[in-house]
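Me: I'd like a close look at one part of this protein, please. Here is what I have open.

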Amino acid sequence: MVRYIVDNKAGIVQEEKTVLNVFEKNIDRALKDGFPLSLYIAVGFFFFEGFQKIYPKLRELHERGLLKKFFLIMGPETRKTTKEILEALKNDASILDNEAFNFIKELYGEGKFEFRIFLDRNFHIKLYIFEVGNDIEIWVGSANLTEAGLEENIELIVPVDAPISEDKQLYKTFFSEIWKRSTDKVEKLKVIDIVKEASAENYLYLSPREFFAYLLKILKKERLLENIGIELDYLGKFQRATIDLIMDRMEKYGGCILANSVGLGKTDTACAIIKYYIDKGNKVLLIIPPILEKHWKRTLERVGIDEKYVTILSRGLLQKADFNCEKYSEYQLIVVDEAHHFRVSKSGTKQKSNRRKNLEEITKINENAHVLLITATPINISLVDLTSLIKLFERGKYLSAFEEEGISYLIKELERKVKKKEGIDENLIKMVRGISEIFVIRFDWLDIIKHFREDLMKIAGVNKVEPPEVEKVEFEYKKEIVNKVFDRVVDFLAKLNYEYTKLWEGEYKEDKNLIWWYKWRLYKRLESSLYAFKRSLEKMKKRNEFLIKIFLRKSERVSKTDLFSKDRLETILNTFSTLNKNQKNKVIRNMKEDIKEIEKMLKNVETAEKEAGEDSKLEQLLAIIKKENKPMLIFSESRDTVIYICKFLKENGIKKFTYAYGGGIEEGEEFYGEHIKELDKDKIQGEFNEGKYNIIVSTDILAEGINLPRADIVINFDLPYNPVKLIQRDGRALRLNNPKKIKIYNFVPEKSIDKELELFEKLKTRVELILAAVGLDFVIWSVEEGKLKKFSDKHRKRAARLIREWKELLATRTPEELKSRILTSVSKENKILKEFAEFFGISRETLEIYNRIFKKPIYTCFKSEKEGYWVVFKNKKNYLFAGELQPTELFKGGAKGKITRNDENAIGSLVKKEVEKRSLEILKTPKERDKISREIEKLLGKYLPDILPSFNSKAFSEKEKKEILSKLRRCENAPLWREEVTKKEVRELILRKVSTKYETEKPQIIAVIKYVKV
């Protein structure tokens, strides 16, 4: 009586066994009792991979002389032609290795093994008869004799409970009748000869459709067939391609950065991914800025996601020091919008923000979750902005991919170079590109125009998008302002002491870098507007006067002020109180000197304004407004300039305008008698798009997270150095669902009033401060365009002079021309694989019938306009590609052809080149060694010079390197015999590691397309 179920241990009931266990039980019984065993089996196609599985036991049985008969009938489960059956048989037999085939041939020659094909009709029989001596055991059910049928699939076979032997003989009689109606020939070829020929092949041929079906399963790209939801049909193909790329990266590395250009629907794309996870029963955590909560909720609703299935966490809550991270566990997807706010811009810094620390803790708690970061600016002011975001993925089961592909090393090396301030050169930029190509997915407008024109028609109803027209507005002031203000500003800034910036945490310390930064920002206020510059001077004067009063009259109670934050003021006062008398007198004296200099400059500004009359920069702005007379956006970096422009517009009869800027509202601040209200982005967006206003004047507070497609004109009243800011500003007006030609006006100072270079030279500014001020894109442009080979203090003057050229570039180029193109774009392979799946009508349901496991590479042949190969191979657990995968439009049909010896050599060469290329790009051995590696190499050179070339520090773990070093150090004072023993141990340790390393690194070819020229 059987007391278990044979279901391949599906985990459904307690007592379970596999089909393979049934075979093993009967063979072991025959071996133990010494009885002969006969097997009579009738199954559907595929047999030989199952035979490969039971072959060792059968060999043992045969060697003991106990294998009496092995009769097998195979048949097609669905109706097939004899040619199709022949191909199927060949494919099945090609799974055999030489040893297994020789065993079959030996049994066949002795008359112990015979197999026939049933061709009369469909064949759904799964019958297993084991005859051990005089005892017959019969099993029937669902399992085919395949590797999956023996152990992997959920199958069910049950024993036939026949009480008398005559009943069991009926099954043998049934088998005999089927045997008589079967044949041992297919297409006039003997089955044994077909098996012989097929087993000798190194590659297994599949028809094109079958090839792509299996390839999608092997690569685990079933997701390319996923219909994410009928309600998401409005998504463009580029967005679906974005989803495919993101899912690939997240599954492999645990995370990905979505950086599609502004206006290309990052929120829509992310919501489609969220829906996919929710539909699979996964928990999703969404971390967003509070100001974008309404926008996200609207989009979630539009794609059919009920809010209750998504945990929405406001970014502001993460800033709390006592935030409870444990509350946010067991998530499978974590989505973070505006992720640039979570970067750590200084490599190795210990001063992380609370929001960064809390996000890190959440990702660690959910160590195997997928993390999707959304930002248009993964790199902003530092090269390590990018690596600090990517490090959020480096955890849990994804650590191995980071280490095996050398990504962890690349990140550490990049951060080390930045931290050591070695200067930025072409090699460093290449490292950033290499990392970003792996983790950052970015489509921009040029990609849509070039590769996804159908999306333009589908989403926007147009075939093309005209690039914006860009006009540089070179402004200059009247000579009175130039003489009294601009010609004197550099000397003025050089004299300023900025005393209150020197009082920090209990000590008086002059941070020249910080003081320079303040001075440079003050100069940029002047470049923005005279009004902003004057307001800043007035505030500085008030700050100094306020502090001097407190310093000289200690007993007086400190009144409430908006000049300093409460914490900052407390730090200044506490630090001042710790100074000695001479230091205090110096601080007060320097503050008084600053007040005098500020008063002189304020007087110059006021005098110049009176003498010059109207502000010529504002006059130029007014002329553009009147000339265009269209809905427009006016941007400035300065809040005071926004107020200044609005006052000017009101004075000049411009009525339908509004304004926006960030920061708190200063006490008593009014705009022509109207109290300034807190910013409401949604309200501004709605009222402008509905036509209540024709002009918005704003800081960069409206440069992201808001859509203003009604705007035809974008005016940059002052020019930020970061092109991303310009692209974001322009992107408010340029949206995919409303593509149109917009016009951009960029204000840039005329050379006679551009004093920035003079300021850099006068203050002897270090190159790293210039880079921090101007930004990374300026550095990349300078190096890649050959303007400067390396940024270092040695080239400070040249770097400063290039800034004028950079300004010219920003002022005259379109947003797309400004793209630094650091980031990756379209995955060709994913796009084409998806095309072929559609071309051959492959669905998820199709893949369910393709469940074989191949021991040999699969291949197919295409007719094409050019010959060649496309190869899928596995290296270090990763699937990689070599050669070119040709798109469906070049497909001219299937072709007959074998993989010849010449083909194998060409394929091997192609794979080798690809591996070498990737090794050079990603796993390049650094010139700099860590301290342990350098010492090992030194001692190897002394004691084992012949082994030194075999030592590659990257092949060894830290623990292994310490072990090698420890052994080598023993040689220093050891007796000769001990030294020789130790050297032998080190030699064996290194050579064993090298041998294992090369063995594991040998690429495994998985699949090949052979293109045969028409």
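Leaving aside its neighbours within four places in sequence, which residues is Phe533 in contact with?

Reply: Bear in mind that this is a predicted model. Once you set aside the neighbours within four places in sequence, Phe533 is in contact with Val485, Val489, Phe492, Leu522, Arg525, Leu526, Met601 and Val605. As a rule, in soluble globular proteins nonpolar side chains tend to be buried together.

Now follow the helix. α22 covers residues 530–552 and α23 covers residues 566–577. Their axes come within 11 Å and cross at roughly 45°, so the two helices are oblique to each other. The crossing of α22 past α23 is right-handed. As for who touches whom, Phe546, Leu547, Ile550 and Phe551 on the α22 side meet Leu569, Ile572, Leu573 and Phe576 on the α23 side. Sort the residues of that contact by type and you get 8 nonpolar, no polar and no charged.

Zooming out, the chain has 38 helices and 33 strands. Of its 1014 residues, 53% are buried. And if you take contacts between residues at least 6 apart in sequence, 80% join residues at least 24 apart.

Conventions. Residues numbered from 1 in each chain as written. Predicted model: local features only at pLDDT ≥ 70, side-chain atom pairs only at ≥ 80, totals over all residues. Heavy atoms only, no water. Contact = heavy atoms within 4.5 Å. Axes fitted to C-alpha atoms, helices over the stretch in contact; angles between N-to-C directions. Helix = DSSP H or I, 4+ residues; strand = E, 2+ residues; numbered from the N terminus. Parallel < 35°, antiparallel > 145°, perpendicular 65-115°, else oblique. Left-handed = near helix turned anticlockwise from the far one by under 90°. Nonpolar A, V, L, I, M, F, W, Y, C, P; charged D, E, K, R; others polar. Buried < 20%, exposed > 50% of the residue type's maximum accessible area, 1.4 Å probe, protein only.
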